[in-house]
Amino acid sequence: MAIPEVLRNRDFDLYWGGVVLSQIGTRGAVAANLYQVYQLTCSTAQVGLVGLAQAVALLVLSPAGGIYADRLDRRRLLQVTQGVALLVSAGIAALTLAGGATVWAVVVSSLLATAAATFDQPARQALIPAMVPKERLVEAFALLNPSRELAVLLGPALAGGLIAVGGPGAVYVFDAVTYGALVVVLAVLRVPPLRVDGARPSLWDSLRDGVRYVGERPVVWQLMGLDLTATVFGAYRVLLPAFASDVLHVGATGYGLLSAAPSAGALIGSVWVFRLVRTARAGRIVLWGTAAYGLAVVALAQSRTFWIAGAAALALGAADAVATTVRHAAVQVETPDELRGRVSAIYQMCSRGGPALGDSLMGVAAGALGPVAALTFGGLVPALVSGASATRSRTVREYRVETATAGVS
């Protein structure tokens, strides 16, 4: 298969590689956070505190992150956020290795790292049009999901191995190193600075412009709504430590493999959907993908052996990748560059705030109903919502990504 044209761009290749490495560290650290809290408490409800901390940071700070991504030099902003996250990882690593880590120390470190990421993610998205020609934007954004899933695949698996060898502290050390690597990559990129008009609206007016833009485009907010439904009610990751330890009895290494399985499936799904992202009725792909994701979550909840659980995790990862790639490409392609940071921030509140809220919700629900019942009922929600959307509205069902590319500016 021929190499995509977008991967022949020197700056995009460097940036893409640096982001993937940084995300590997980040995803490994999240898995270590969840495992460490469960190790300290044996409570799924308290594991949900990690997700709650992430949700608070994302929902409170994401709008500001989007605004500043449209106001400041995006490369410099990324370097600052990566530097802050590096310090946070180094701090929790030192505390953990010294034997002084507590549940609240882990939760606070997760909150601070996510706070940095709320300024990081919109700038990451908005920086890409400065490196990639307009006609290659769909390819570039279609590659983001498989690269993210590669990080999610390798990060938790690596975390499982490092935890088995050196405990969670070893994962945090690796995370700090990856942040430093991206800072170096950003320093050598040849990227023109963001051109900003002389007159700047207030922060509130800037945010309102972004919200108005999303509200005036039904396909954008409906796709975001599907994403939010799937990530909140299908939040399976918070229960994986309990499944690995108490149901499947596979320990830290098994937990790492089970955490990585959805990303292995997502890579398969991403390769497939990359070829279809410009095809007719891409909206139907996202509806089927979202429904399949919910049903695969139910299958995971009902699993009682490691291999069946792994197969269900592979399936949910593939379905999620198919749906997410189309949603992500649609939102980015339809957004002009001067609003890309703010719209990316709003999307981030769904795509990243949703899982964080879902972790908290599912942690509490599992404490009350048990993990099997909580995840089973949760997985049914996105399946039902996708079916309702398909039958009641043509907006998503008839959506074509290729039609939107003409409007990219």
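**View 1. Cys42, an exposed loop residue.** Cys42 has a relative accessible area of 61%, so Cys42 counts as exposed (exposed means over 50% relative accessible area, buried under 20%, and partly exposed in between, with a 1.4 Å probe and protein chains only). You will find Cys42 in the loop between H1 and helix H2 (44–69). Helices here are DSSP runs of H or I with at least four residues, strands are runs of E with at least two, and both are numbered from the N terminus. The phi of Cys42 is positive, near 55 degrees, in a residue other than glycine. This is a predicted model, where local features need pLDDT of at least 70, side-chain atom pairs count only at pLDDT 80 or more, and totals for chains, interfaces and linings use all residues. Residues are numbered from 1 along each chain as its sequence is written, and side-chain values use heavy atoms, with hydrogens and water left out.

**View 2. The whole protein chain.** Stepping back for a moment, the secondary structure of the protein chain comes to 17 helices and zero strands. Of the 409 residues in the protein chain, 56% are buried. Among contacts with a separation of 6 or more, 87% are between residues 24 or more positions apart (contact means heavy atoms within 4.5 Å).

**View 3. Helix H1 beside helix H6.** Helix H1 (residues 10–41) packs against helix H6 (residues 168–188) at an angle of about 160 degrees, and their axes are 8 Å apart. That angle makes H1 roughly antiparallel to H6. Axes are lines fitted to C-alpha atoms, for helices over the stretch in contact, with angles from 0 to 180 degrees between N-to-C directions. Angles over 145 degrees count as roughly antiparallel, under 35 as roughly parallel, 65 to 115 as roughly perpendicular and the rest as oblique. The contact of H1 with H6 has 17 nonpolar, nine polar and two charged residues. Here Ala, Val, Leu, Ile, Met, Phe, Trp, Tyr, Cys and Pro are nonpolar, Asp, Glu, Lys and Arg are charged, and the others, Gly among them, are polar.

**View 4. Ser22 in helix H1.** Ser22 is located in helix H1. With a relative accessible area of 0%, Ser22 is buried. Leaving out residues up to four places away in sequence, Ser22 touches Gln82, Arg124, Asp175, Thr178, Tyr179 and Leu182.

**View 5. Helix H3 beside helix H6.** The axes of H3 and H6 come within 8 Å and cross at roughly 160 degrees. H3 is therefore roughly antiparallel to H6. By class, their contact has 17 nonpolar, seven polar and two charged residues. After H3 comes Gly99, with a positive phi near 80 degrees.

**View 6. Leu52 and Asp359.** Leu52 is part of helix H2. At 35% relative accessible area, Leu52 is partly exposed. Leu52 and Asp359 are 307 residues apart along the chain, yet their C-alpha atoms are separated by 7.0 Å.

**View 7. Thr229 in helix H8.** Helix H8 (residues 218–233) holds Thr229. Thr229 counts as buried, at 16% relative accessibility. Apart from neighbours within four places in sequence, Thr229 is in contact with Gly234, Val381, Pro382 and Val385.

**View 8. Helix H15.** Among the buried residues of H15 are Ala374, Leu375, Thr376, Gly378 and Gly379. Pro382, Ala383, Ser386 and Ser389 in H15 are buried too.
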